[in-house]
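Have the viewer open and follow along.

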Amino acid sequence: MTANAEKTSINDYVLTKEQYRRIQDWLYQVSGIDLKVGKENLVKNRLAKRIRTLGLSDFDAYIRYVEQDKSRRELLSLIDSMTTNKTSFFRERVHFDYIANHLIPDWSQRRDIRIWSAGCSSGEEPYSLSMLLFDKYAAASSTRILATDISDSILEQARTGIYRADQVEDVPTHYKIAYMQRKAGEHYSVKPDVRSTIRFANLNLMANWPMKGPFDLILCRNVMIYFDRQTQERLINRYYELLRPGGHLFIGHSESLASVNHPFSYCQPAVYKRD
Ligand SMILES: C[S@@+](CC[C@H](N)C(=O)[O-])C[C@H]1O[C@@H](n2cnc3c(N)ncnc32)[C@H](O)[C@@H]1O
């Protein structure tokens with residue numbers, strides 16, 4: 001098949017080693033995501049659709065297109081299509097129990113709690129946090145939750161605060177009643193009080209961070225899994241600097257800091273503390 005012939009299936013697209021390496025490099029340099037060998041089919045599947053939408057003939061043409069786009073919009077959209085946004089309300093429930101049982105009692109005399117949900121995806125994580133605080137913490141409305149992600153499209157979804165019924169299945173019923181509104185078409189929207197504590201912003205974890213902290217709690221769950229050891233180490237140490245002494249870091253339960261040099265104290269699986 002020649003480059004310009006009509007391509008009808010993903011298999012019609014050829015991704016050479018050289019092209020794959022180029023995409024791997026971009027992804028690593030911009031987002032820290034370490035696309036290992038053996039992900040060629042994933043890249044092909046996700047980008048072939050984009051190539052077709054743009055009316056381009058093949059991967060060479062796409063790579064040129066990305067390079068010529070000075071706004072870097074296409075590069076970000078490439079990264080967007082390669083990242084995994086899987087998330088859910090009250091994911092890894094143990095963390096929410098830890099906040100309720102260990103952190104909220106310590107916060108009882110304060111009204112200035114700051115939390116950062118780093119890699120918040122479509123918003124389920126920060127909304128779960130806010131609902132939990134409204135349920136269990138007297139000063140919930142003065143808490144500030146910063147929720148960031150590298151993807152503009154996922155942040156757009158997050159800001160709507162609207163979810164399908166199947167997405168809110170893990171929200172406890174009394175939370176759904178108290179903090180969500182049922183909408184037409186089997187959708188739920190998060191109530192304004194809960195939303196008002198959260199600020200969504202685009203932030204690439206590999207870039208400079210404009211905020212100063214200090215934070216009482218940082219969640220970076222199921223994000224570092226895609227980074228190599230060096231990138232994880234740099235990131236973890238940056239989180240340490242932004243935490244208040246006594247502040248906590250949560251990582252995903254399938255992630256580990258075992259091979260990373262860091263100054264945190266271990267509390268329990270996926271929970272660390274700055275002393
Ligand atoms: C699998 S989701 C995790 C969502 C949530 N934290 C959870 O545990 O359910 C990973 C998110 O990390 C974001 N991400 C990946 N690389 C990033 C980077 N360099 N900077 C900021 N966000 C990034 C992705 O866009 C994606 O939304």
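## Ser121 and the loop it sits in

Let's start with Ser121, which lies in the loop between β1 (114-118) and α6 (124-136). Helices (H or I, at least four residues) and strands (E, at least two) are DSSP runs, numbered from the N terminus. Keep in mind that this is a predicted model, where local features need pLDDT of at least 70, side-chain atom pairs count only at pLDDT 80 or more, and totals for chains, interfaces and linings use all residues. Residues are numbered from 1 along each chain as its sequence is written.

Ser121 has a positive phi of about 50°, although it is not a glycine. Is Ser121 buried or exposed? With 25 other C-beta atoms within 10 Å, Ser121 is buried. The cut-offs behind that word: 20 or more other C-beta atoms within 10 Å of a residue's own make it buried, 12 or fewer make it exposed, and anything in between is partly exposed, with C-beta atoms placed from the backbone.

## Around the ligand

Ser121 also turns up at the ligand: 24 residues surround the ligand, and the closest are Thr87, Gly119, Ser121, Ile150 and Leu205. A residue is near a molecule if its C-beta atom, placed from the backbone, lies within 6 Å of it.

By class, the shell holds seven nonpolar, 12 polar and five charged residues. Here Ala, Val, Leu, Ile, Met, Phe, Trp, Tyr, Cys and Pro count as nonpolar, Asp, Glu, Lys and Arg as charged, and the others, Gly among them, as polar. Why does the ligand lie between the domains? Domain 1 (10-82) and domain 2 (93-273) both give residues to the shell around it.

The protein chain is divided into domain 1 (10-82) and domain 2 (93-273), with bounds that come from an automatic or database domain assignment. Taken over C-alpha atoms, the centres of domain 1 and domain 2 are separated by 30 Å. Their contact takes seven residues from domain 1 and 10 residues from domain 2; two residues are in contact if their C-beta atoms, placed from the backbone, lie within 7 Å.

On the side of domain 1 that touches domain 2, α1 (17-31) and α4 (73-82) each supply at least two residues. That side has three nonpolar, two polar and two charged residues.

## The chain as a whole

The protein chain has 10 helices and 10 strands. The C-alpha trace spans about 70 × 50 × 30 Å along its principal axes. For 275 residues, a compact globule would have a radius of gyration near 19 Å, and the protein chain has 21 Å, which agrees. That radius is taken over C-alpha atoms, and the globule rule is 2.2 Å times the number of residues to the power 0.38.

Of the 275 residues, 34% count as buried. Among contacts between residues at least 6 apart in sequence, 72% join residues at least 24 apart.

## The nonpolar core

The largest nonpolar core has 64 residues, and those with the most contacts inside it are Ile115, Ala118, Ala147, Ile218, Cys220, Tyr239 and Leu249. Domain 1 and domain 2 both give residues to this core, so it lies between them. A core of this kind is a set of buried Ala, Val, Leu, Ile, Met, Phe, Trp, Tyr and Cys residues joined through C-beta atoms within 7 Å.

Zoom in on Ala147: not counting residues up to four places away in sequence, Ala147 touches Ser117, Cys120, Gly123, Pro126, Ala158, Ile198, Arg199 and Phe200.

Arg72 is another non-glycine with a positive phi, about 65°. Arg72 lies in the loop between α3 (59-68) and α4, and with 12 other C-beta atoms within 10 Å, Arg72 is exposed.

Gly213 and Pro214 are joined by a cis peptide bond, with omega about -5°. Look for Pro214 in the loop between β6 (198-202) and β7 (215-220).

## Two more stops

Ala270 sits in the loop between β9 (265-268) and β10 (271-273) and counts as buried, with 21 C-beta neighbours inside 10 Å. Beyond its neighbours within four places in sequence, Ala270 is in contact with His95, Phe250, Ile251, Gly252 and His253. Ala270 and His253 are 17 residues apart along the chain, yet their C-alpha atoms are separated by 5.3 Å.

His187 lies in strand β5 (residues 187-190) and is partly exposed, with 16 other C-beta atoms within 10 Å. Not counting residues up to four places away in sequence, His187 touches Ile162, Tyr163 and Arg164.
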